[in-house]
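User: Can you walk me through this one? I'd like to start with the pocket.
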Amino acid sequence: MDDTPEQDENFNDRELTITLTHRNDAPFLEEKRRAILQFKDNARALPFPLDVPQVVIGRAKEADLCVNDHYMSGKHARVLVIHNFYYLEDLNSRNGTTVNGKKVTFMRLAHQDVIQIGQTAFRFLQMDAIDGNYIKRLNLQAVQSLALAVEAKDPYTKGHSERVAEISEHLASLTGLPPAHLERIRIAGILHDIGKIGVPEAVLLKTGKLDPLELELIRKHPVDGQNILRPLNFLGDILPAVYHHHERFDGGGYPSGLAGEAIPLWARIIQVADTYDAMTSDRPYRKALSKEEAAREMVRCSGTQFDPAIAKAMCEILAPGKPG
């Protein structure tokens, strides 16, 4: 049975092509205008920005726009954002979706359209204001998807990048980094292993000792990660953290053999977070250590593998009575 929703007669698939205009004979993307969903009958409700590639609407907690409306399905409909075009798709909902009183399955939205989902009405408004960060967010989401693809190759590391990001952000706050740096180090934590996309699954999942060629492939992933991210100028500040997160404080790491404070601070933070999560997760070649065992390893390797100040901050996080 084909579950593909019927195509509305007012939907033209050629509209999915991003419009190109010309300036000085060079093609460029027309700047994206901001858009919002405004609750039509609730003046106190804040408008919802449509600033990501898709927004799922429904009453499920995991919906991007969660509405307490029992006439909605859990995931009722979604808005797809394709540059300056906004499309509404019904997700095979129980009660259907209407735009300006007409039931739809998929259609392009226009300024001032009224969307009815369950008993909740929204007005779609497209502004004149430019969304200057759209391309950055789109590119970041693309590389984050690539990072998830790395984890999909190895079931033992599912959720690893997100955990490393959270721990790194916590450590960064404890070491006194300013708030503006915390989100950047979180992004670096998510992307730190992106270079493993080029490592064969047979190597990632090997239970025995790696041979020299396999070890070389693994040790190359910080270099490959930097090369993947280098074309994205807005990620330039996190490249040193990705490239150097396997250095050791005593100079015995890779790829550059840096030691002490010559290792970028963000890389030293991510190294501690990465190692802690690796120690406390099951791997093909060993079982996970307990939180207490991992704390003892942090102390033992302080000053050799780890920056002592950051290892100390990690032990504070792991102290009895602390969550985690």
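**The pocket and a helix**

Analyst: The lining of the largest pocket has 14 nonpolar, 12 polar and 11 charged residues. Ala, Val, Leu, Ile, Met, Phe, Trp, Tyr, Cys and Pro count as nonpolar, Asp, Glu, Lys and Arg as charged, and the others, Gly among them, as polar. This is a predicted model: local features need pLDDT of at least 70, side-chain atom pairs count only at pLDDT 80 or more, and totals for chains, interfaces and linings use all residues. Residues are numbered from 1 along each chain as its sequence is written, and side-chain values use heavy atoms, leaving out hydrogens and water.

User: Which helix gives the most to the lining of the largest pocket?

Analyst: α8 does, with 5 residues. Helices here are DSSP runs (H or I, at least four residues), numbered from the N terminus.

User: OK, new topic. Which residues of α9 are buried?

Analyst: In α9 (residues 291-300), K291, A294, A295 and M298 are buried. Buried means under 20% relative accessible area, exposed over 50%, partly exposed in between (1.4 Å probe, protein chains only).

User: What do they pack against?

Analyst: The buried residues of α9 pack against α8 (265-279) and α10 (308-318), with contact meaning heavy atoms within 4.5 Å.

User: And what is on the face turned away?

Analyst: That face of α9 carries the exposed residues R296, V299 and R300.

User: How many disulfides are there?

Analyst: The search of the whole structure finds 0; a disulfide is a pair of cysteine sulfur atoms within 2.5 Å.

User: Is C301 buried or exposed?

Analyst: C301 is buried, at 8% relative accessible area, while C66 is partly exposed, at 42%.

Conventions
Helices (H or I, at least four residues) and strands (E, at least two) are DSSP runs, numbered from the N terminus.
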